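Q: I have a model open and would like to learn how to read its features one by one. Could you walk me through it?

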Amino acid sequence: EVKNSVDAALRDRALRVVPGGMWGHLHANRLPEGYPQFFARAEGCRLWDVDGRSYLDFMCSWGPNLLGHHHPEVEAAAERQARLGDCMNGPAEVMVELAELLVDTVAHADWTQFQKNGTDATTSCATIARAGTGRRKLLAARGAYHGAVPWCSPSVVGVTSEDRAHILYYDFNDAESLRAAATEAGDDLAGIIVSAYRHDLARDQELPTQGFATAARAICDETGAALILDEVRAGFRLDLAGSWERFGVRPDLAAWSKSIANGHALAAVTGRDWLRQAASQVFVTGSFWCAAVPMAAAVATLTVLRRDNIVARLEAMGTRLRDAIDASAARHGVALRQSGPVQMPLILFEDDADFAKGNLFCQTALARGVYFHPRHNMFLSAAHGEAEIDEAIAAADTALAAVAAGSRTAA
Ligand code: PMP
């Protein structure tokens with residue numbers, strides 16, 4: 001049987017000319033066997049691999065695909081701008097239009113600046129916080145992901161301790177540990193960076209508690225430090241105005257990327273007035289940061305998100321999926337935990353330290369044409385309707401039967 005033959009041939013070729021064949025967390029060897037490395041095309045919430053197999057997708061490009069691949073309004077706006085010009089000597093008119101729209105959409109935002117990747121945005125926030133306060137220390141949650149550069153990379157390979165000399169750590173949802181870290185930073189505290197919610201790899205997701213969110217704001221108010229909300233992953237999926245609006249807590253700076261332009265390369269920092277001057281003085285730029293096509297795509301994306309109440313749709317579809325999987329698991333006698341916001345699902349199994357159950361669950365679903373992830377949070381898009389969710393529920397039911405059968409064999 002030659003199931004993944006084109007994929008396997010591409011992996012062999014890549015190994016010769018790309019170190020390790022692929023970098024970072026997108027390496028298919030981090031997934032169970034059978035997952036493809038290479039994809040041929042995408043449409044709505046479906047993906048086709050290079051061997052022609054199609055998948056109903058629950059990773060959404062690890063976040064960017066929010067409205068569905070090839071969303072007609074987004075692509076029409078991008079094409080219109082592409083005919084005019086993309087990468088020019090400076091930005092197009094659409095940059096101002098997008099900045100106005102973002103400032104109008106995001107509650108704390110008095111201004112915005114644009115970049116390409118989430119790491120650009122989180123790193124810019126750190127720089128602006130330091131410039132605006134004249135201080136050095138940044139508090140970050142242990143195990144949180146804020147990007148792939150030395151100050152925050154999850155790997156220390158190639159990283160020096162000096163790169164992190166001014167980063168202090170606290171535990172998410174632990175106000176005491178946050179206070180302790182702030183006390184240690186003393187009058188050198190520039191900012192606290194915190195994710196919209198806890199979505200660390202391979203552990204249950206956790207929404208912030210009201211007490212933790214309030215404490216983070218209070219510490220910054222007391223010390224004059226900047227509260228930095230990392231919205232890169234959750235942004236525009238929970239609340240367009242900001243993921244901490246539900247707590248009545250507004251950050252001083254926020255980092256956005258992934259879904260902001262529905263798959264086009266764009267990131268943004270939003271900020272409050274007291275950091276405006278600092279933001280204008282730090283030196284941050286990149287060759288492609290003012291490209292106009294992604295900005296036109298972002299204007300269209302935000303317009304659709306606001307007009308069509310996409311967050312409510314994601315919540316409804318996510319609830320449909322979560323409830324059905326819980327019921328199916330109970331029917332099969334499989335103990336699992338679903339955590340985090342329903343529109344960003346994570347399914348972990350009890351007694352599964354080696355992820356054997358999670359891997360079997362995902363491999364069985366994959367064979368039925370549904371692409372889940374065993375350890376990383378997943379994502380819904382607006383292209384997932386009731387029919388697609390029901391298709392996933394049916395595949396999950398088969399996969400849970402396989403997990404139940406596997407547990408009986410093992411026992
Ligand atoms: N912050 C968070 C919360 C993220 O999820 C990510 C990307 N997974 C980043 C920052 C970094 O974004 P990028 O990979 O686009 O640099």
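A: D7 is buried, with a relative accessible area of 1%. D7 lies in helix α1 (residues 5–17). A note on ground rules: this is a predicted model, where local features need pLDDT of at least 70 and side-chain atom pairs count only at pLDDT 80 or more, while totals for chains, interfaces and linings use all residues. Residues are numbered from 1 along each chain as its sequence is written, and side-chain values use heavy atoms, with hydrogens and water left out.

Q: How is a helix defined here, and what span should helix α4 have?

A: Helices are DSSP runs of H or I with at least four residues, strands are runs of E with at least two, and both are numbered from the N terminus.

Q: Which residues of α4 are buried?

A: The general idea comes first. An α-helix has 3.6 residues a turn, so residues three or four places apart point the same way. In α4 the buried residues are G118, T119, A121, T122, S124, C125, A126, I128, A129 and T133. Take T119 as a case: with a relative accessible area of 18%, T119 is buried. A polar atom of the T119 side chain lies 3.3 Å from the backbone nitrogen of A148. That is a polar contact: a pair of N or O atoms within 3.5 Å, where within protein one must be able to donate a hydrogen and the other to accept it, and residues adjacent in sequence count only if both atoms are side-chain atoms.

Q: Which residues are around the ligand?

A: A residue counts as near a molecule or strand if one of its heavy atoms lies within 4 Å of it. Around the ligand you find N117, G118, T119, Y145, H146, G147, H199, D230, V232, R233 and K258. The shell splits into 2 nonpolar, 6 polar and 3 charged residues.

Q: Which ligand atoms lie 2.8 Å from G118 and R233, and how much of the ligand does the protein cover?

A: For G118, a backbone N or O atom is 2.8 Å from an oxygen atom of the ligand. For R233, an N or O atom in the side chain is 2.8 Å from an oxygen atom of the ligand. K258 has a side-chain N or O atom 3.2 Å from a nitrogen atom of the ligand. The protein covers 88% of the 390 Å² of accessible area that the ligand has on its own; such areas come from the Shrake-Rupley method with a 1.4 Å probe, and for residues only the protein chains shown count as cover.

Q: What about aromatic pairs: how many are there?

A: A pair of aromatic rings is described by the distance of the centres and the angle of the planes. Rings of Phe, Tyr and Trp (its six-membered ring) pair if their centres lie within 6.5 Å; planes under 30 degrees apart count as stacked, over 60 as edge-to-face and the rest as tilted. By this rule the count is 11 aromatic pairs. F58 and F372 have ring centres 5.3 Å apart and planes at 45 degrees, so the pair is tilted. This pair links distant parts of the chain, 314 residues apart: F58 is in the loop between β3 (54–57) and α2 (72–84), and F372 in the loop between β13 (370–371) and α11 (386–410). F58 and F372 are both buried.

Q: And what kind of pair do F212 and W244 make?

A: Their ring centres are 6.5 Å apart and their planes at 75 degrees, so F212 and W244 are edge-to-face. F212 is in helix α6 (residues 210–223) and W244 in the loop between β8 (226–230) and β9 (253–256), so the pair ties together parts 32 residues apart in sequence. F212 counts as buried at 1% relative accessibility, and W244 is buried at 2% relative accessible area. Y170, F172, F212, W244 and F247 form one aromatic cluster.

How values were computed: Buried < 20%, exposed > 50% of the residue type's maximum accessible area, 1.4 Å probe, protein only. Nonpolar A, V, L, I, M, F, W, Y, C, P; charged D, E, K, R; others polar.
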